[in-house]
Amino acid sequence: MEIKLLSGALGAEIKGIDLTDVSDENFKRVNNLLLEHKVIFFRDQPISKEQQIALAEKFGPLETHAYVKGLENYPEIVRIIKGKEEKNQWGENWHSDVSYNSKPTKAVILKSVKIPPVGGDTCFSNMELAWETLDPKIQEKIKDKKAIHSSLGAEFFIDNYKHMEGNEKRNYDSYSNEHPIVRTHPETGKKILFVNWTYTKQIIGLDKEESDQILKEIFEHQERLDLTCRFNWTENTVAIWDNRSVIHYAIADFFPGRGLGHERIMDRIAIEGDHPQ
């Protein structure tokens, strides 16, 4: 096995592991790598939909997205499509997947199906490191507080994305849940800064003005380049990230206005998490 670190903060590209091997031994190896590096990448893994699901099921029960319809016969797989004529890229803001759920996603397994010749990288930021390096005055202010996370409603996920189809069986209204701003990782015991720019709306117990100011400072801190890594995709790459420990950003820099109108297709499976503590 070969491990190539992507940055000093997080991320690793792994060679020498077959993701079609879902034995307990191989899963333990993959999970240990995930806990250490937060996000791991495996190139040249032309796994089938069934094999992607089998791998994901080793991590726990699978989610279906509240608003977006999965593939026919594979409701657990959301196909993320950015059409060549579109300017918007699904996930083009710093966020932790479905942090608005009562049990936010544990991990995500994303397989690249079609990749543009230029652009479309994804950035990840280490939220354990973000907590450790946060201003002590802000740490003291938020350490025992909760924040409201809002789903923003179905329109946020499908209106600007021509090829993303809504899940008609679900309620399309927005909904919210409260989570600790600093959560403890259930497997490692590490402290995690669990807020994000997209879904976190207010700190409970503070007035709106003070909450907005503190969240603004936190969000700017989370974006610090020394907390991040950036990955350049190739087709048939599988990424696995610990959604409890990172936030991520899909970069939309391959849109028609710059003469870079390309299609990008990714297959996403999410594993159900726990109630943040």
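Two cavities of 30 Å³ or more turn up in this structure, which is a predicted model. I'll take them in order of size, then go to the nonpolar cores, then to one serine.

The largest cavity holds about 310 Å³ of space. Its lining has 25 residues, and those closest to the centre are Trp 90, Gly 91, His 95, Asp 97 and His 248. Which elements give two or more residues to that lining? They are H5, strand E14, which runs 246–250, and strand E15, at 264–271. E15 gives the largest share, with 3 residues. Sorted by class, the lining of this cavity comes out as 13 nonpolar, 8 polar and 4 charged residues.

The second largest cavity has a volume of about 40 Å³. Among the residues that line it are Ser 96 and Met 127, along with Leu 193, Phe 194, Val 195 and Asn 196. Asn 243, Arg 244, Ser 245, Val 246 and Ile 247 are also in that lining. By class, the lining of the second largest cavity divides into 6 nonpolar, 4 polar and 1 charged.

Now the cores. The largest nonpolar core has 30 residues, and the members that touch the most others are Val 68, Trp 90, Phe 124, Phe 157, Met 164, Trp 233 and Trp 241. Elements giving two or more residues to this core include strands E3 (39–42), E4 (78–82) and E5 (107–114), as well as H5 and E15. Strands E12 (228–231) and E13 (238–242) are on that list too. H5 supplies the largest share of the core, 3 residues.

Last, the serine. Ser 151 sits in the loop between strand E7 (146–150) and helix H5 (154–158). Is Ser 151 buried or exposed? Its relative accessibility is 0%, so Ser 151 counts as buried; the cut-off for that is under 20%. The side chain of Ser 151 makes a polar contact of 2.7 Å with the side chain of Tyr 67. Setting aside neighbours within four places in sequence, the contacts of Ser 151 are Tyr 67, Tyr 100, Phe 157, Asp 173, Ser 174, Tyr 175 and Tyr 199. Phe 157 in that list is the residue I named among the core members that touch the most others.

Terms used:
Residues are numbered from 1 along each chain as its sequence is written. This is a predicted model: local features need pLDDT of at least 70, side-chain atom pairs count only at pLDDT 80 or more; totals for chains, interfaces and linings use all residues. Side-chain values use heavy atoms; hydrogens and water are left out. Helices (H or I, at least four residues) and strands (E, at least two) are DSSP runs, numbered from the N terminus. Buried means under 20% relative accessible area, exposed over 50%, partly exposed in between (1.4 Å probe, protein chains only). A polar contact is a pair of N or O atoms within 3.5 Å; within protein, one must be able to donate a hydrogen and the other to accept it, and residues adjacent in sequence count only if both atoms are side-chain atoms. Contact means heavy atoms within 4.5 Å. On a 1 Å grid over the protein atoms alone, a cavity is a set of points where a 1.4 Å probe fits but cannot get out, and a pocket is an open set with protein on both sides within 12 Å along at least five of seven lines; lining residues have an atom within 4 Å of a point. Grid points are joined across faces, edges and corners, and a volume is the space filled by probe spheres set on the points. Ala, Val, Leu, Ile, Met, Phe, Trp, Tyr, Cys and Pro count as nonpolar, Asp, Glu, Lys and Arg as charged, and the others, Gly among them, as polar. A nonpolar core is a set of buried Ala, Val, Leu, Ile, Met, Phe, Trp, Tyr and Cys residues joined through side-chain atoms within 4.5 Å.
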